[in-house]
Amino acid sequence: MRIFSIFAERRSLNFRKKAEDWLIRLIAGEKFEPPKIADRDVLDFLYLWIHFQEILRGESKQTLNQALNLFALEPKIHKMIIRGGFEEQLIAATAVGRSVDKQAWDLLLVLLDKASPLMSMTAARALVLIDPVKASDIVVPLIIQHRDWMPSRLVLMLKLADPLFRQAFLTRLEYEVQQSPPYLLRLMRLIGAVQLNRPLPLTEKFLTESDDPNLVVASLKLVCHPSELEFVRGRFNDENWSVQVQIATVLGKIGTPQDVSHLLSLLNSKQWWVRYRATQALIGLPFINRRAINRLIESRSDAFARDILLQVIAENARK
Amino acid sequence: MSELNIDSPLFIRFSEWFFLGYFVAISVGYLTLNLISVFSLRAYLPNKVLENIPQIYSGLEPPVSILVPAYNEQLTIVASIQSLLQLSYPLYDVIIVNDGSKDKTMEVLKENFGLIPYPEAYRELLKTKTVRAIYRSTQYSNLRVIDKENGGKADALNAGINASHYPLFCSVDADSMLQRNSLQRITYPFMEDSRVIAVGGTVRVSNGCKVQDGSLLEIGLPKNMLALFQVVEYLRAFLFGRLGWSVLDALLIISGAFGVFRKDVVMDAGGFRTDTVGEDMELVVRLHRTLRKQKKAYRMVFLPDPVSWTEVPEDFKTLKNQRIRWQRGLCESLFGNLDLLFSRNGGAAGWIAFPFMLLFECLGPMVEVVGYILMLAFCWLDLISWPVFLVYTFATISLGMLLSLLSLLLEEMSFHIYNRPSHVIGMLFGAIVENFGYRQLCSVWRLMGLLQWLFGKKHGWGEMKRKGSL
């Protein structure tokens, strides 16, 4: 078993070296007769191609997209999606998404129904990259249904998606959240990933009604407009430290002189993280000048508050 | 009364059946764990396909404080910290806790990392021995050192928790070295599931590997036989022991050498207990006990691929001390949290893992050693035939061998980190030969640990003779 795997690894390494050279020459604009890639090497080629896709930007990325056509790989990739093993299907789905291969649309729809969350999610991501508008009707309901889709990968998918898709997603999510489903928290976190910097009615709802600190934190993360400040202030007495951290962060972004006293009170928190965010917020407020901060340091009898003020000032000076 | 004599047929028959029954139970238990691990790995590995592709951070990665308790670690501490400072992770800091080292650990740290005293206000949320000073590195903004009076590893970890800033903390041994992507991988479950309170990673043996400035240049096997046997042991313990328990939601051990915990949960539980030598396991068992009692939803997870490399003992004396300490830690952890055993809400932790650990891991060495002695005695006194004795010996040795070989197979199926044919041959050799003497010796040491726990002997930091291979 090991001997076979060593031979396979060596062969794969040799092929990747050659393929890397081809891709570099291609990106550099060199004209050459593209060699034929054997079926067994397609997977290695795609790994390398995706790797290049991730690290390159701008025109080079376009050139890279043409490489699949140039090496006549598209039919082979489609075949991999239909008949390949798990790894092949996954990499092929990733590749057709990155290359915006419209021909692969129907093949990806089949992968969407696969039992593996990773597979269905990769197919969904590819669909979103190929046609965000068309994909929104199919993929948005699936994001809500598929609670096994990994949040970190979902967040990445949403962050990198076309604004049209993000808007469609947000609209649907706002409706879903109003129904207060049991997986509400997950949805709220996803909204955070696509937030389009406008106040959302649901933040008011949760900031005024919810007792769940996780939900309150998720709602606070969505606050972006001064009109929402009154709901934030309604949470000033919340004792949960993660809520306090988020309140400090929000006040740092949109706080008014009226909120300074609350930020000052947070400087005495037992939690470093609360003190740190409150200090960052205070120091970052546009109406607090250096003199006021110095007065603040001198007036603090609490060593922890003084420490954190000095630390954040030092950090800012280094920037 | 005569029926209680060693030569009474009843006693002999009872012993034979008892040891046979115990052997069958332990075999079934371990093989089931192995089977669970195989299925779990099969489900886990495909998810790694996309990890070979460069990924940007999602922004969900929780900040982590890495805590490194250090006691007389002058030889390895610099390389260890260097490896920690090279991790790929968006936001983390490293806190070294010098627990009153008697060697030059503090001087070495000052010299290599440009430490200056940093008059940071320190809040003692968990009670610890006096903190003498806090230092900050002038070269690395995310490195701090706490110099405190000696109080043991648990006390040092508690001081580290007090000084930590972030919501998660990762405990790492000062003689360990993390792989660059380890922190990113080990925090994954925290992002996926808000119930996760602790995640354990895999510890592998660094003896025999080529290391430079905290980076692992080449993976290799140690030439020292004791270290080689431990390579196989670690594979067995992590790859199918913990993975199997994790699947059952009954993980009772997260190694202090590499584990990430939610700080608030650990603080609510009172931090690490300073009166035990197995503070890592004790904390995990206590978390199970208290959270189950409070009927809180939680998960503790083991991941097979975030790897920490650690130096293992290469001499009998250090190894003996380590095994005695581990066994005492195991006993203290289990008997200190006996409420979990068959408790009403105990779940798989209280109803499967705890009794398993108690019967096979805690009392196992006693049964094994007594079994060997009794069988030898019966045989010597002609109370049983040689073939019966040989069958007993053959069965126990082949079970050990089977388990070791299965873990090698699991490794081969999954990560094959040791990638040369000579490595495979070396590990096969280790997996077979360790069963002839080494395993029995370990059982004797573990029995000594069990006895020391019974008679309440004190034990401090596990001192280790270092080669400074990191």
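Guide: Let's start with chain B, where the C-alpha centres of domain 1 and domain 2 lie 30 Å apart. Domain 1 of chain B takes in 2-37 + 356-454, and domain 2 of chain B takes in 57-348 (the bounds come from an automatic or database domain assignment). Keep in mind that this is a predicted model: local features need pLDDT of at least 70 and side-chain atom pairs count only at pLDDT 80 or more, while totals for chains, interfaces and linings use all residues. Residues are numbered from 1 along each chain as its sequence is written, and chains are lettered from A and ligands numbered from 1 in the order in which they are written.

Where the two domains of chain B touch, 35 residues of domain 1 are in contact with 29 residues of domain 2 (contact means C-beta atoms, placed from the backbone, within 7 Å). On the domain 1 side, at least two residues each come from helix H1 (9-44), helix H11 (347-362), helix H13 (386-413), helix H14 (421-433) and helix H15 (438-454) of chain B. Helices (H or I, at least four residues) and strands (E, at least two) are DSSP runs, numbered from the N terminus. H15(B) gives the most to this side, with 9 residues. By class, the domain 1 side has 21 nonpolar, 10 polar and 4 charged residues. For those classes, Ala, Val, Leu, Ile, Met, Phe, Trp, Tyr, Cys and Pro count as nonpolar, Asp, Glu, Lys and Arg as charged, and the others, Gly among them, as polar.

H14 of chain B turns up again where chain B touches chain A: H14 and helix H6 (188-192) of chain B are the elements that give two or more residues to the chain B side. That contact takes 23 residues from chain B and 29 residues from chain A. The chain B side splits into 12 nonpolar, 7 polar and 4 charged residues.

Now have a look inside chain B. Helix H2 (residues 77-85) of chain B is mostly covered, with 7 of its 9 residues buried (buried is 20 or more other C-beta atoms within 10 Å of a residue's own, exposed is 12 or fewer, and partly exposed is in between, with C-beta atoms placed from the backbone). The buried ones in H2(B) are Ile77(B), Val78(B), Ala79(B), Ser80(B), Ile81(B), Ser83(B) and Leu84(B). In the loop between strand S1 (64-70) and H2 of chain B you'll find Asn72(B). Its phi is near 50 degrees, a positive value in a residue other than glycine. Asn72(B) has 19 C-beta neighbours inside 10 Å, so it counts as partly exposed.

Asp249(B) can be read alongside it. Asp249(B) sits in the loop between helix H7 (225-247) and strand S11 (258-262) of chain B, and its phi is near 60 degrees, again positive in a residue other than glycine. With 16 C-beta neighbours inside 10 Å, Asp249(B) counts as partly exposed.

Then there's Val199(B), in strand S8 (residues 196-205) of chain B. Val199(B) counts as buried because 27 C-beta neighbours lie inside 10 Å. Leaving out residues up to four places away in sequence, Val199(B) touches Ile186(B), Pro189(B), Phe190(B), Gly259(B), Val260(B), Val301(B) and Leu303(B). Tyr298(B) is 99 residues from Val199(B) in sequence, yet their C-alpha atoms are 12 Å apart in space.

Finally, a glance at the partner. Chain A is divided into domain 1 (1-130) and domain 2 (225-319), and 49 Å separate their centres, taken over C-alpha atoms. Helix H7 (residues 117-130) and helix H8 (residues 132-145) of chain A pack at an angle of about 155 degrees, with their axes 7 Å apart. H7(A) and H8(A) are therefore roughly antiparallel to each other (under 35 degrees is roughly parallel, over 145 roughly antiparallel, 65 to 115 roughly perpendicular and the rest oblique). Axes are lines fitted to C-alpha atoms, for helices over the stretch in contact, and angles run from 0 to 180 degrees between N-to-C directions. On one side of this pairing are Ala124(A), Leu127(A) and Val128(A) of H7(A), and they meet Pro132(A), Ala135(A), Ile138(A), Val139(A) and Leu142(A) of H8(A). The residues of this contact divide into 8 nonpolar, no polar and no charged.
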